[in-house]
Each structure stands twice: as structure tokens, then as C-alpha cells.
Amino acid sequence: MPSLRFQLLGKDPFHDGAFAHGMERLSVGLEVYRTCSWAFGSKLFEVLDPPGGLLERDGEIPSQKFTRFHLESLQSTAVEDGSDWIVLIIQFIIVHICSWWGRRYIWEPLAKSCMRRPTPRNVQKFSAIATANLFHSLSAIFAWRMLYDRDWLWERAKWSIVVDEVEPDVKFFYLLYAARYISDAISLLFEITKEDSWAFAVHHIASVGLVLGSAASGYVRIGCVFMFFLDWVDIVLTAAKLLKYSSKKRNDIFQILADRLFELFAVSFIITRNGVLNYVAYVCLVDFENAPILKTQVVVLVMLMTYWLVLILKHAIHQLFGDGSIDDLRESDDEEEDEEVENVDKKRR
């Protein structure tokens with residue numbers, strides 16, 4: 001029997017087809033997830049699985065070679081419309097659970113065992129940085145496996161071509177990239193506030209908008225260019241921070257390695273985030289037509305990278321005129337606060 005509420009409203013989703021339509025769309029979304037995830041896994045591990053190997057046995061690989069993005073409104077009557085939102089939600093749930101499970105049961109215990117001052121603030125920062133390092137590393141590997149052999153990746157003239165269909169593995173990686181930044185944006189609400197937390201929030205939101213907007217508008221190739229060329233440098237930065245937190249005293253092996261990685265990061269950041277990104281942004285502004293929102297998001301990213309470049313220059317000045325070791329200036333206030341607390345404890349003893 002329909003509920004009294006639906007009877008009074010004159011609607012019954014169980015009988016007017018709304019519920020059945022929603023379940024059919026969910027079924028389509030799950031099938032899209034299965035097809036694209038299998039294609040993603042096949043592409044990712046084909047280097048380990050030769051032709052005719054396990055991934056190609058018994059005809060288990062879906063025969064679909066190309067697919068479209070379906071990021072339409074869920075109010076659309078077509079069953080396949082909006083099905084990618086289901087894929088994105090599934091990916092977000094998986095990424096977010098892995099992120100916080102890893103922090104709680106892997107990175108925080110590791111931080112308490114290897115840090116010189118395993119205060120709650122430092123442990124939380126260590127776990128967040130370790131999670132970021134893992135996700136950036138996986139993202140870089142995924143980008144290399146999914147995109148490096150695409151001929152259009154290396155030709156500027158093909159970046160602005162609007163494409164209606166993409167390979168299922170590229171589609172899965174594309175949505176997974178957006179899901180990661182959605183998870184990162186939500187995680188910021190539960191992390192320690194830093195000087196540039198606002199910049200990270202804007203960056204994550206702009207990145208999600210860029211990915212989903214380019215997918216919906218057909219400018220998938222320029223989105224892939226961003227993913228391929230710009231994620232690598234964050235691996236170096238997060239690795240340097242982890243070594244810094246693992247340092248027991250100044251000028252030990254961890255601090256020395258951290259200093260060298262910070263130097264490598266500074267050079268890599270200028271080349272990729274202030275060189276390559278500015279060039280890609282120029283291409284977007286010049287070659288792309290009827291994409292004002294996409295262009296705006298790209299400009300926002302360029303402005304953020306310029307802001308972070310200023311912070312990097314502060315790092316360089318700090319090293320040249322300081323004690324020769326590089327600290328993360330965005331966390332300097334926290335470090336000084338921890339040191340003050342430690343000094344007070346020593347005086348009390």
C-alpha cells in the first residue's frame with residue numbers, strides 16, 4: 001500500500017515509475033562502473049599481464065572500446081543520463097574510506113614511532129602528508145599508464161578538439177581524479193588549519209570543476225594534459241615533508257635529504273606549475289572557443305600557483321640567510337608553538 005503522504009500528494013513513486021526508473025539508472029551506473037573499472041585495471045596491469053594472459057581469458061573483458069560521459073542532470077528521463085554520477089559517488093566513497101582508514105591505522109602509528117615530537121598536531125599533519133604522498137604517487141602512476149601512449153597528448157593542435165567519446169579506462173581515471181579531489185576538499189574541514197588552507201580549498205574546488213566541466217563539455221583532452229603533467233611535483237614535496245618530520249636532530253640524514261628534496265621540488269615546481277601550466281593556460285585562452293567557465297578555472301589555478309611560488313621563494317631566502325636547512329614556512333607557526341610547549345615542559349621538570 002502506498003504511504004498516506006504519497007496518496008495526499010497524489011504521487012506514488014512505486015507505481016508512477018519513478019522508483020523503477022531510479023533503480024534502472026542505478027543498474028546502468030553500476031554496469032558503467034564495472035565496465036570502466038575493468039578497462040582501467042586491464043590498462044594499468046597489462047605490463048604485468050601479457051596478451052592472452054589472465055585479463056583476456058574467457059572473454060571477460062567488455063567489448064566496449066569507447067564510451068561517453070554522462071554527467072547530465074539526474075532529472076533527465078533517459079536512463080543513461082547522469083549515470084556517471086553514480087560512478088563518481090562509488091569512487092568517492094572508496095577513496096575517502098581508504099584515506100581515513102590509512103591515516104588511522106597506518107600513518108598515525110608510524111608517526112608516533114618515528115617522529116621526534118609525536119604531538120597530536122604533528123601526528124595528524126604527518127598522517128595527512130603521508131596520505132597525500134600515496135595518493136599523488138598513485139595518481140601519477142595511473143596518469144602515466146592511462147595517457148602516455150595517446151598521440152594527442154603531445155600535440156597542442158589536438159588539445160582543443162571536442163570529443164564525444166573516450167576510452168573506458170580514461171573515463172574511469174578521469175572520474176577517479178575528481179573523486180580524489182572531492183575527498184581532499186572534505187578532508188580539509190577536519191585537518192589542522194594552515195596559512196594556505198584557503199588556497200588548498202580553492203585549488204581542490206577549481207580542480208573538481210575543471211575535471212567535471214571539461215568532461216561535460218567534451219574538452220577531455222585538455223583535462224588529461226593537466227592530470228598528466230602537473231601531479232608529479234607533489235610527490236617530491238610530500239616526501240620532503242615526511243623526511244623533515246622524521247628528522248631527530250638538525251643536519252641528520254633525514255634533514256639533509258629533506259633539504260635536497262625541497263630544492264628539487266622548487267625547481268620542478270617552477271618548471272611544471274609556473275612553466276607548463278602557464279603554457280597550457282595560454283593554449284586554453286587562445287585556442288578554446290565557447291568555454292568561459294573552463295578558462296576561468298584555469299586562470300584561478302594559475303593565480304594559485306603564483307601565490308605558492310611566492311612561498312617557495314620565501315623557502316629559498318630562508319635557506320640562504322638562515323641556518324641552511326629548509327622548513328615548511330606554512331607550518332612554521334605550528335613548529336614554534338610545539339617548541340615553546342616543549343621548553344615549558346622542560347622548565348617545569
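Which helix gives the most to the lining of the largest pocket? Helix 4 does, with 8 residues.

## Basis of the model

The model is predicted: local features need pLDDT of at least 70, side-chain atom pairs count only at pLDDT 80 or more, and totals for chains, interfaces and linings use all residues. Residues are numbered from 1 along each chain as its sequence is written, and side-chain values use heavy atoms, with hydrogens and water left out.

## Overall fold

The protein chain contains 11 helices and 0 strands, where helices (H or I, at least four residues) and strands (E, at least two) are DSSP runs numbered from the N terminus. Its pattern along the sequence reads α-α-α-α-α-α-α-α-α-α-α. Of the 349 residues, 46% count as buried; buried means under 20% relative accessible area, exposed over 50%, and partly exposed in between (1.4 Å probe, protein chains only).

Helix 5 illustrates both the geometry and the burial of these elements. At 1.5 Å a residue, its 20 residues should span 28 Å, and the end C-alpha atoms are 28 Å apart, which agrees; the expected span is 1.5 Å times one less than the number of residues. Because 17 of the 20 residues of helix 5 are buried, this helix is largely enclosed by the rest of the structure.

## Annotated transmembrane regions

An unreviewed UniProt entry places the feature "transmembrane region" at residues 85-102, 123-144, 219-240, 261-281 and 293-313. UniProt positions are given in the numbering used here, feature names are shortened, and annotations may be inferred rather than shown by experiment.

Two of these spans can be set against the model. Residues 219-240 are 91% helix and 0% strand, with end C-alpha atoms 35 Å apart. For residues 293-313, the figures are 100% helix and 0% strand, and the end C-alpha atoms lie 31 Å apart.

## The largest pocket

The largest pocket has a volume of about 770 Å³. Pockets and cavities are found on a 1 Å grid over the protein atoms alone: a cavity is a set of points where a 1.4 Å probe fits but cannot get out, a pocket is an open set with protein on both sides within 12 Å along at least five of seven lines, and lining residues have an atom within 4 Å of a point. Grid points are joined across faces, edges and corners, and a volume is the space filled by probe spheres set on the points.

The lining of this pocket comprises 37 residues, with Ala 132, Lys 194, Phe 200, His 204 and Lys 241 nearest the centre. At least two lining residues come from each of helix 4 (120-147), helix 5 (168-187), helix 6 (197-217), helix 8 (232-246), helix 9 (253-287) and helix 10 (292-321). By class, the lining has 16 nonpolar, 10 polar and 11 charged residues; Ala, Val, Leu, Ile, Met, Phe, Trp, Tyr, Cys and Pro count as nonpolar, Asp, Glu, Lys and Arg as charged, and the others, Gly among them, as polar.

## The enclosed cavity

The count comes to 1 cavity of 30 Å³ or more. About 180 Å³ of space lies in the largest cavity. Its lining has 16 residues, of which Tyr 177, His 203, Ser 207, Phe 226 and Leu 230 are the closest to the centre. Helix 5, helix 6, helix 7 (220-230), helix 9 and helix 10 each give two or more residues to this lining, which divides into 10 nonpolar, 3 polar and 3 charged residues.

## Salt bridges

The model holds 14 salt bridges, each a side-chain nitrogen of Lys or Arg within 4 Å of a carboxyl oxygen of Asp or Glu. One of them joins Glu 191 and Arg 103 (2.8 Å, N to O). Glu 191 lies in the loop between helix 5 and helix 6 and Arg 103 in helix 3 (residues 83-114), so the pair ties together parts that are 88 residues apart in sequence. Glu 191 is partly exposed at 22% relative accessibility, whereas Arg 103 is buried at 4%.

Lys 158 meets Asp 151 in a salt bridge (3.4 Å, N to O) and Glu 155 in another (3.6 Å, N to O). Lys 158 is partly exposed, with a relative accessible area of 25%; Asp 151 is partly exposed at 46%, and Glu 155 is partly exposed at 34%. Elsewhere, a network of salt bridges links Lys 43, Asp 149, Arg 150, Glu 167 and Asp 169.

## A loop residue with positive phi

Most residues other than glycine have a negative phi. Asn 290 has a positive phi of about 55° although it is not a glycine. Asn 290 is located in the loop between helix 9 and helix 10 and is exposed, with a relative accessible area of 77%.
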